[in-house]
Amino acid sequence: MAIPVLITGRHDVSPLPPHLDITVGHRDIRAALATADRTPAVVRSRDRIAAITGRAGLVEFLAFFPERPEAETVRAWLDSLDDTQVVEHVLHLRTVSGRPRELIKAGGELVTEARRYKERIGEPSRTGGAGV
């Protein structure tokens with residue numbers, strides 16, 4: 001909020017969007033403002049933590065499926081997803097958690113996604129880690 005006040009010398013200005021990178025120059029400040037993410041840092045941080053926790057939980061959950069790929073592949077697949085996608089997978093599993101058949105089906109779909117990822121990238125390098 002201080003930057004617009006310092007620049008204009010007035011207090012009746014709109015605050016900058018929370019995710020506008022002010023460490024670099026912008027050729028067109030209006031375009032930069034229009035495309036800046038308006039998600040506050042506290043929300044971005046909360047979502048990031050949820051995704052990190054979700055990735056770990058999904059690795060553990062998929063360990064129960066005998067047809068799943070090894071842990072390295074599952075982790076690499078989850079790392080290839082953005083945080084929103086990971087949280088969406090976790091939320092979907094949460095919505096079906098009280099219905100075993102749907103939970104198994106949803107888990108099977110995640111296993112299929114991880115296996116497709118493995119097919120696209122090939123074998124991950126083995127670094128001595130145990131499989132899921």
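The model is predicted, so local features need pLDDT of at least 70 and side-chain atom pairs count only at pLDDT 80 or more, while totals for chains, interfaces and linings use all residues. Residues are numbered from 1 along each chain as its sequence is written, and side-chain values use heavy atoms, with hydrogens and water left out. The protein chain has six helices and zero strands.

**Overall fold**
- Along the sequence, the pattern reads α-α-α-α-α-α. Helices (H or I, at least four residues) and strands (E, at least two) are DSSP runs, numbered from the N terminus.
- The protein chain has 132 residues, and 27% of them count as buried (under 20% relative accessible area, with a 1.4 Å probe and protein chains only).
- The chain exposes about 9,300 Å², an area from the Shrake-Rupley method with a 1.4 Å probe. Carbon and sulfur atoms supply 57% of that area.
- Take the contacts (heavy atoms within 4.5 Å) between residues at least 6 apart in sequence: 57% join residues at least 24 apart.

**Nonpolar core**
- The largest nonpolar core holds 17 residues. Such a core is a set of buried Ala, Val, Leu, Ile, Met, Phe, Trp, Tyr and Cys residues joined through side-chain atoms within 4.5 Å.
- L58, L62, W77, L78, L93 and L110 touch the most other members.
- At least two core residues come from each of α3 (41–62), α4 (71–80), α5 (83–95) and α6 (100–121). The largest share, five residues, belongs to α6.
- Leaving aside residues up to four places away in sequence, L58 touches L78, V86, H89, V90, L93 and L110.

**α4 and its cover**
- Buried residues in α4 are A71, E72, T73, V74, W77 and L78.
- Their cover includes α3, α5 and α6.

**α3 against α4**
- These two helices pack at an angle of about 145°, with axes 10 Å apart. Axes are lines fitted to C-alpha atoms, for helices over the stretch in contact, and angles run from 0 to 180 degrees between N-to-C directions.
- R55, L58, V59 and L62 of α3 meet V74, R75, W77, L78 and D79 of α4.

**α5 against α6**
- α5 and α6 pack at about 155°, their axes 9 Å apart.
- The pair is therefore roughly antiparallel (an angle over 145 degrees).
- H89, H92 and L93 of α5 meet L103, A106, G107, L110 and E113 of α6.

Note on methods: Buried < 20%, exposed > 50% of the residue type's maximum accessible area, 1.4 Å probe, protein only. Parallel < 35°, antiparallel > 145°, perpendicular 65-115°, else oblique.
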